[in-house]
Amino acid sequence: MFRFAKAALNLTGKSSQQVAVRNASDVSSDFHAKYGTPLIAAGAVFCVSVWTYVVTCTGITWNLSPVGKVEPKPWREE
């Protein structure tokens, strides 16, 4: 990242040509075309499996609704 920032600030003919060549690569587009969908699917499966484990096996009490659980204190007359 430092090289890119240095090259962007120092826009001489040679450095701007290097930045243009570096940004014109097809590697990232080929990677996304080849592995994008399986990578997203694997991430979704991983996320769902982790949350399934957390919800079912860890014993966390979620306390989603206080309805029926909160009772008023008894009235005290002084």
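Colleague: Let's start with one side chain: is Phe 31 buried, partly exposed or exposed?
Modeller: Keep in mind that this is a predicted model. Buried means under 20% relative accessible area and exposed means over 50%. Phe 31 has a relative accessibility of 40%, so the residue counts as partly exposed.

Colleague: Which residue has its ring paired with that of Phe 31, and what kind of pair is it?
Modeller: A search of the whole structure turns up one aromatic pair. Its partners are Phe 31 and Tyr 35, with ring centres 5.2 Å apart and planes at 50°. Planes under 30 degrees apart would count as stacked and over 60 as edge-to-face. The partner is therefore Tyr 35, and the pair is tilted.

Colleague: Where do Phe 31 and Tyr 35 both lie?
Modeller: The two residues are four apart, which is about one turn of a helix. Tyr 35 has a relative accessible area of 39%, so this residue is partly exposed. Both Phe 31 and Tyr 35 belong to helix H3.

Colleague: How many helices and strands does the chain have?
Modeller: Reading from the N terminus, the elements run α-α-α. That gives zero strands and three helices.

Colleague: Which element of the chain has the highest mean pLDDT?
Modeller: For the chain, the mean pLDDT is 77, and 64% of the residues reach 70 or more. Helix H2, residues 13-23, has the lowest mean among the elements, at 62. The highest mean, 90, belongs to H3.

Colleague: What accessible area do the residues of the nonpolar surface patch have together?
Modeller: One of its members, Ile 60, lies in the segment after helix H3 (27-57). Ile 60 has a relative accessible area of 43%, so it is partly exposed. With Trp 51, Val 55, Trp 62 and Leu 64, Ile 60 forms a patch of about 590 Å².

Colleague: What share of the 78 residues in the chain is buried?
Modeller: The chain exposes about 7,700 Å², with 65% of that supplied by carbon and sulfur atoms. Of its 78 residues, the buried share is 6%.

Notes:
Residues numbered from 1 in each chain as written. Predicted model: local features only at pLDDT ≥ 70, side-chain atom pairs only at ≥ 80, totals over all residues. Heavy atoms only, no water. Patch = residues over 30% accessible without salt bridge, like charges linked within 9 Å, V, L, I, M, F, W, Y side chains within 5 Å. Areas by Shrake-Rupley, 256 points an atom, 1.4 Å probe, with all protein chains shown as cover. Salt bridge = Lys/Arg side-chain N within 4 Å of Asp/Glu carboxyl O. Buried < 20%, exposed > 50% of the residue type's maximum accessible area, 1.4 Å probe, protein only. Phe/Tyr/Trp six-rings, centres within 6.5 Å; stacked < 30°, edge-to-face > 60°. pLDDT = per-residue confidence, 0-100.
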